[in-house]
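Please look at the sequence and the structure below before reading on. The report that follows then takes up a few features in turn.

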There are 2 protein chains.
Amino acid sequence: MQPSDTPNIPAASEILSAADIPADMTPSQFRRLCREGRFATHTSGVCPGYAQANLIVLPYEDAFDFLLFAQRNPKPCPLLEVTEPGVRLTQICAEDCDIATDFPRYRVYKDGQLVCEPTDVSDIWRDDLVAFVIGCSFSFESDLIEAGIEIRHNTLGCNVPMYITNIPCKPAGKMRGNMVVSMRPLPPQDVVRATMISGAIPKVHGAPIHIGDPSVIGIKDVMRPDFGDPVTINPGEVPVFWPCGVTPQSVVMSVKPKFAITHAPGHMLITDQKNINLRVQ
Amino acid sequence: MQPSDTPNIPAASEILSAADIPADMTPSQFRRLCREGRFATHTSGVCPGYAQANLIVLPYEDAFDFLLFAQRNPKPCPLLEVTEPGVRLTQICAEDCDIATDFPRYRVYKDGQLVCEPTDVSDIWRDDLVAFVIGCSFSFESDLIEAGIEIRHNTLGCNVPMYITNIPCKPAGKMRGNMVVSMRPLPPQDVVRATMISGAIPKVHGAPIHIGDPSVIGIKDVMRPDFGDPVTINPGEVPVFWPCGVTPQSVVMSVKPKFAITHAPGHMLITDQKNINLRVQ
């Protein structure tokens, strides 16, 4: 067994899950585990206090349209960083961070079709690729948890349920598609607090987009999410819906660019940015 | 004398200044005056409550770099709207609004050199031009005034003083340059209030970038601004500096793109957006 170079990190031969990651592991240490292919699953709860991030990578020919799409739709697409064409190393959201290796798992699309889900995309990286690193609802969840609000999918140990809605995003060039939302069921007395707390963090989706009846935003069966896992809604609880960073994946699937890379849902980048620094300032 | 088609608007033969504009004129009516070439001066105080906007127009070949620059530097470059290539009509910040005619006055740059200051750029508009409509500090000024804070350049009836600082913006592609700031002198008891009030409106520059000694941010003589007019600083008053939407003009002057159009400083677009809707929500 190869010894780990950092005391808190399990030995290199082990395949790890979020439960194996010590709470005091730094984002930089965690990204190294991903880079070494030793962590390839959901990141919920990893490195608490640090912002996690979604990814979409597009060729330069599509980059202006997508950047404009994100500018027009900041709630589902809050940009934490956009790289220059071909650049793999981030400059803003993390140091020593390689876009092509430091997510636990990726999805590769050709002409809008999912072709593989590798843990490393350095072998298919190209000089014309632009990476969009997008804020994630895990950031405001940590504030909700701190306020004593139960996050159901955490309690159940599953992924958050996500739905493609009937809410159109503002189109930009060839980019168009409906908003994807994540859902958390809340007891009535927590709804306003959760709205205000998340609303103070517009850099990571901000306030809910809808509270209550799922059919109003085109969700036919709340127990059958389009991404992630279904969660229990107890009697009297209200489903609360937030704009979701998986929206770009929905756009990719409907627009069908020649080439795209995204993160695999729930398999996020752990950035060096503290959630607290994403609040309005 | 040709009769005006709207009771509040002076007759068409008149050349107008801000003092001629009735407080109840709508942004749409005001933009029509600009389109007709009848208003071609500073817009401070026009259509109170509505957001005013800066402009930079660049060819598509420079548009990704500038959009990335704005994404990385949201404080000096808060985007209210970005148009698709060649499109002159706005879709988001105003209805029936023509980018090429509805600012009171423009500046046209070739290879970074100012070549003219027309009141209409429709004759030089091109299919590859992308317009960036950028928030303006006049929006938070109206909140400061409502809070009883004196805005010196308003009291003096002149333009706000603006300075090129030593604060580098985050570069993006070929776009790089130092931040331009606007300055308002405040009595010490108003500094914190002004910081908090403006900080609640991040979509239009947000909180100050610097409070106090101008030399700290590279301003040699606060009485000799790089743009706008100098204003009196009374004994005991503190100069407070906000990121300024003229920053893109400074970038254009240093980067020297082949072609660019901006608004003339102080000659802003009056949008249909209420300032109150630019607050965090």
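This is a predicted model: local features need pLDDT of at least 70, side-chain atom pairs count only at pLDDT 80 or more; totals for chains, interfaces and linings use all residues.

## How the two chains are related

Chain B is superposed on chain A by a rotation of 180° with 0.0 Å of shift along the axis, and the RMSD is 0.0 Å. The two copies are thus related as by a two-fold rotation axis. Within chain B, the C-alpha nearest this axis belongs to B:Phe64, which lies 2.6 Å from it. Both copies use the same surface, since 96% of the contact residues of chain B recur in chain A.

## A helix with buried residues

## Salt bridges

Side chains of opposite charge can pair when their charged atoms come close. Over all chains, a search of the whole structure finds 30 salt bridges. One of them joins A:Arg38 and A:Glu36 at 3.0 Å, N to O; here A:Arg38 is buried at 7% relative accessibility, whereas A:Glu36 is partly exposed at 45%.

In chain B, the side chains of B:Asp190 and B:Arg193 meet in a salt bridge of 2.9 Å, N to O. Because these two residues are three apart in helix α5 (residues 188-199) of chain B, about one helical turn separates them. B:Asp190 is buried, with a relative accessible area of 11%, while B:Arg193 is partly exposed at 36%.

Methods:
Residues are numbered from 1 along each chain as its sequence is written. Chains are lettered from A and ligands numbered from 1 in the order in which they are written. Side-chain values use heavy atoms; hydrogens and water are left out. Copies are superposed by least squares on the C-alpha atoms of residues with pLDDT of at least 70 in both. Contact means heavy atoms within 4.5 Å. A salt bridge is a side-chain nitrogen of Lys or Arg within 4 Å of a carboxyl oxygen of Asp or Glu. Buried means under 20% relative accessible area, exposed over 50%, partly exposed in between (1.4 Å probe, protein chains only). Helices (H or I, at least four residues) and strands (E, at least two) are DSSP runs, numbered from the N terminus.
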